[in-house]
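Subject: Structure for your review

Dear colleague,

I am passing on the structure we talked about, and below it you will find notes on what turned up in it. Please read them with the coordinates open beside you.

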Amino acid sequence: CPCVPSEGAMMDNRFATALVIACVLSLISTIYMAASIGTDFWYEYHTLSPAENVSEAGRSIWEEFVSKDADEKTYTDALFRCNGTVGLWRRCITVPKNSHWYSPPETDMTTNCISFSLSDQFVEKYIEPGNHNSGTDLNRTYLWRLQFLLPFVSIGLMCFGALIGVCACACRSLYPAIATGVLHFLAGLCTLGLVGCYVAGIELLHRKLPLPEDVRGEFGWSFCLACVSAPLQFMAAALFIWAARTNRKEFTLLKAYRVA
């Protein structure tokens, strides 16, 4: 949080309160954003009878799901059938602990996950998922890449803004708070862009691969954390910029009055 200088500028309690609130909002938004990136509940699929589905297919679903050769259609079908969840970095399905073709359906379930590799984050999406000969779907390809890059840009901007705030404390100046506010505003735009890209990507995917009748899809709490983080960043940015500009203006008027 930018510090209040002891000389050369004056600030009343309004500015101090605004800066404290802005710092708290910035911290909360950073925590929310980090938690959102690190969890796997951006989108959730709810299947009526996942245990029966898995038992019918044996372990082939899990083997195909974790295979390095699994394409988008293969792992999406597994997500549909097995109460899957998708994050920015991992995809998960819920399966019985011991699923064999000869076993009756089990109620003892476990969630298994596999991470998207870095190459998976930049792989091309196809017009027909799973069909490499259908051509590249540029919209979904770039939406997927942006939803991977934007959260890291957002967190980076907020961290850089915090560094500027620390430097402002060392310099005993309030003016760098404007730069901190601008960086938080840009971070909010990145987070808002992330949310928009993810929603658009999911909608386009479901147009290509419609949900089965017995499957329900919904955005999860990880996605909600990102949605909440964006307005917090904008509010922090507004408070930083308002406090710095208003205090600077009042100091200028006070200096002019003293000279007069």
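Strand β3 is joined by 7 bridges to strand β4 (residues 109-115), and the two run antiparallel; within this pairing, threonine 94 stands opposite threonine 111 in β4. Please keep in mind throughout that this is a predicted model. On its other pairing, β3 is joined by 2 bridges to strand β2 (residues 85-86), again in an antiparallel arrangement, with valine 86 standing opposite arginine 91 in β3. Strands β2 and β3 make up a hairpin that has 3 residues between them. Strand β3 is mostly covered, since 6 of its 7 residues are buried.

Cysteine 92 has a relative accessible area of 2%, and because buried means under 20%, it counts as buried. Leaving aside residues up to four places away in sequence, cysteine 92 touches Asp40, Phe65, Leu79, Asn83, Gly84, Thr85, Thr111, Asn112 and Cys113. Valine 66 is 26 residues from cysteine 92 in sequence, and their C-alpha atoms are 9.8 Å apart in space.

As for the aromatic residues, a search of the whole structure finds 16 aromatic pairs. In one of them, phenylalanine 41 and tryptophan 221 are stacked, with 5.5 Å from centre to centre and 25 degrees between the planes. This pair links distant parts of the chain, with phenylalanine 41 in the loop between α1 (13-38) and β1 (43-47) and tryptophan 221 in helix α8 (residues 221-259), 180 residues apart. Phenylalanine 41 is partly exposed at a relative accessible area of 30%, and tryptophan 221 likewise counts as partly exposed, at 43%.

The rings of phenylalanine 116 and tryptophan 144 have their centres 5.3 Å apart and their planes at 80 degrees, so this pair is edge-to-face. It too links distant parts of the chain, with phenylalanine 116 in the loop between β4 and α5 (118-121) and tryptophan 144 in helix α6 (residues 138-171), 28 residues apart. Both phenylalanine 116 and tryptophan 144 are buried. The ring of tryptophan 144 also has the charged end of lysine 125 sitting over it, 3.8 Å from its centre, while arginine 145 lies over the face of tyrosine 142, at 5.3 Å from the ring centre. Elsewhere, Trp42, Tyr43, Tyr45, Phe80, Tyr198, Phe219 and Phe223 form one aromatic cluster.

The side chain of threonine 180 reaches the backbone oxygen of glycine 161 at 3.3 Å, and threonine 180 is buried, with a relative accessible area of 2%.

With best regards

Definitions and conventions: Residues numbered from 1 in each chain as written. Predicted model: local features only at pLDDT ≥ 70, side-chain atom pairs only at ≥ 80, totals over all residues. Heavy atoms only, no water. Buried < 20%, exposed > 50% of the residue type's maximum accessible area, 1.4 Å probe, protein only. Contact = heavy atoms within 4.5 Å. Polar contact = N/O pair within 3.5 Å; in protein donor to acceptor, adjacent residues only side chain to side chain. Helix = DSSP H or I, 4+ residues; strand = E, 2+ residues; numbered from the N terminus. Pairing = 2+ DSSP bridges. Phe/Tyr/Trp six-rings, centres within 6.5 Å; stacked < 30°, edge-to-face > 60°. Lys NZ or Arg CZ within 6 Å of the ring centre and 35° of its normal.
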